[in-house]
Amino acid sequence: MKKIHIKTWGCQMNEYDSSIISKVLKKKLNYHITNNFKKADILILNTCSIREKAQEKIFHQLGRWKYLKKKNKEIIIAVGGCVSTQEKKKIFKRANFIDIIFGPKTIHRLPKMIKKLKKKKKKIINIKSNNLNKFKFFKYNTIKKVSSFISIMEGCNKCCSFCIVPYTRGKEISRFPKDILSEAKYLSKNGTKEIILLGQNVNSYKSKFSDGSICTFSKLIKLLSKIKKILRIRFTTSNPMEFSDDLIKTYKNTTKLVSYLHLPVQSGSNKILKKMRRSYNIKKYKEIIKKLIKIRPKIQITSDFIVGFPGESKKDFHKTLKLIDEINFDMSFSFIYSPRPKTPASRLLDETQLKEKKKRLYLLQKKINKNTNLFSKKMIGTYQKVLVEKKIYKNNKKYFFGKTYNNRTVIFKSSKNLIGKLIYVKIYKAHMQNLKGKI
Ligand code: SAH
Ligand code: F3S
């Protein structure tokens, strides 16, 4: 039996795509998945190019696979994801042992590409697609999970000056609500209790019902919440540009929507936001949060930050620190700015030394970590409703693992199998990464 090994870098959307790839190859070519790359007949790399470091990791990874191909010419190596759409056939130049280059939207064509490669013995590049046919294959996904991803849209029309995504994932395309609903129903029949809606900008989601009427993101959430077996709904990533009042209201009317929001602000300085071409200002961002807190006083807010964007002065950076204090962000994904090819920001003059940028990142993360700890500690002694996702082993001891309504992970012991259940757990200990509780 032939085996495939898939290595995935990057965002949840890549994880979702990789799960489709593995299922499609299994169904169509009868391949089996292996975690051991040395035993694979096909090696697939699903890549990320959001920052230069992420992209370089891909080429290091390929370097590790090169010798396998030298030993056995029959091994097929395929590269997909955002580095493929960014670099295209230039990847062949840097790594001439690669056989196939595919894109995020052509993953479903992989079985055909593999067959063609075997027949014609010629390298294949297939990255272009203007449709979302890849999603037709969701039913091949037989992995039973309590918490499952559903991609609802792909691409981005915003063109923030630092971001490569609009170039790699293309223009926004939203899936039809009937397809998303049937995927959610399918998952719920197979044990899913929580769905995480995915997209580069989920709140830009806009599609049509069969009768031609418009389906917005908030409407979609309302419809999904009507599926009885789905107990919780989460989404990632939304942006402050199109966070409508209608979506804010959804937090009032749809209790299945969790009290947790990842809303990337990037910087606390209006000057920098303008240079980033983020079409909101801090006042607008604060207004969104204020409205949400009015509806859900205990909502946890997290953010992405870019530190050391070209032109960011010490004063600008301190505005970001001030905003962290004001909003009380719970956690963050924060990185030093990385210039990306062809993006407008890559042409801006950047005079800040790397040493200074690293210092700023350290200060920002220190501040946020303090908040994370504080929030966790505040939860000690409280009862939390936890959706139990899986069993885990820590120091040879068995625990159950789940998430609270505000997205904190909790581990606890139980003699009964509680996977898929919503239970009350009393928190008695808080670590940085998780909480410990008792049923
Ligand atoms: N659509 C989302 C973010 C998508 S990209 C939004 O509007 O915020 C995910 C995160 O990667 C971004 O929030 C940003 O913080 C980070 N990122 C993107 N490009 C980057 C770059 N060139 N350098 C550093 N970080 C970057
Ligand atoms: Fe990137 Fe901005 Fe879109 S960060 S994904 S261009 S909203």
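I began with Lys128, which lies in the loop between β6 (124-126) and β7 (147-151). The model I am reading is predicted. I looked up the accessibility of Lys128 and found 73%, so I list the residue as exposed. I then checked its separation from Lys342, which is 214 residues away along the chain, and found the two C-alpha atoms 19 Å apart.

**Entry on Asn203**

I next turned to Asn203, in the loop between β10 (194-198) and β11 (206-208). With a relative accessible area of 9%, Asn203 is buried, because the limit for that class is under 20%. I followed its side chain to two backbone oxygens: that of Asn239 at 2.8 Å and that of Glu242 at 3.1 Å.

**Entry on salt bridges**

I counted 22 salt bridges. I looked up three of them individually.

For Asp17 and Arg169, I found the closest N and O atoms 3.3 Å apart. Asp17 belongs to helix α1 (residues 12-29) and Arg169 to the loop between α6 (165-168) and β9 (173-174), so this bridge ties together parts that are 152 residues apart in sequence. I noted that both Asp17 and Arg169 are buried.

For Asp245 and Lys291, the closest N and O atoms are 2.9 Å apart. Asp245 sits in helix α9 and Lys291 in helix α11, so the pair connects parts 46 residues apart in sequence. I recorded Asp245 as partly exposed at 45% relative accessible area, and Lys291 as partly exposed at 37%.

For Glu326 and Lys286, I read a closest N to O separation of 2.8 Å. This pair links distant parts of the chain, with Glu326 in helix α12 (residues 314-327) and Lys286 in helix α11, 40 residues apart. Glu326 is partly exposed, at 39%, and Lys286 is partly exposed, at 33%.

I also traced shared partners and found that salt bridges join Asp17, Lys134, Glu154 and Arg169 into one network.

**Entry on the positive patch**

Which lysines gather in a patch of positive charge on the surface? I listed Lys219, Lys222, Lys226, Lys249, Lys252, Lys290 and Lys294. The elements giving two or more residues to this patch are α8 (217-225), α9 (245-253) and α11 (282-295). I took Lys219 as one member to examine; it lies in helix α8. Its relative accessible area is 37%, so I class Lys219 as partly exposed; patch residues need over 30% relative accessible area and no salt bridge.

Technical notes:
Residues are numbered from 1 along each chain as its sequence is written. Chains are lettered from A and ligands numbered from 1 in the order in which they are written. This is a predicted model: local features need pLDDT of at least 70, side-chain atom pairs count only at pLDDT 80 or more; totals for chains, interfaces and linings use all residues. Side-chain values use heavy atoms; hydrogens and water are left out. Patches are made of residues with over 30% relative accessible area and no salt bridge: like charges are joined within 9 Å, nonpolar side chains (Val, Leu, Ile, Met, Phe, Trp, Tyr) within 5 Å. Accessible areas come from the Shrake-Rupley method with a 1.4 Å probe; for residues, only the protein chains shown count as cover. A salt bridge is a side-chain nitrogen of Lys or Arg within 4 Å of a carboxyl oxygen of Asp or Glu. Lys and Arg count as positive and Asp and Glu as negative; His and the chain ends are not counted. The place of a charge is taken as NZ of Lys, CZ of Arg, CG of Asp or CD of Glu. Helices (H or I, at least four residues) and strands (E, at least two) are DSSP runs, numbered from the N terminus. Buried means under 20% relative accessible area, exposed over 50%, partly exposed in between (1.4 Å probe, protein chains only). A polar contact is a pair of N or O atoms within 3.5 Å; within protein, one must be able to donate a hydrogen and the other to accept it, and residues adjacent in sequence count only if both atoms are side-chain atoms.
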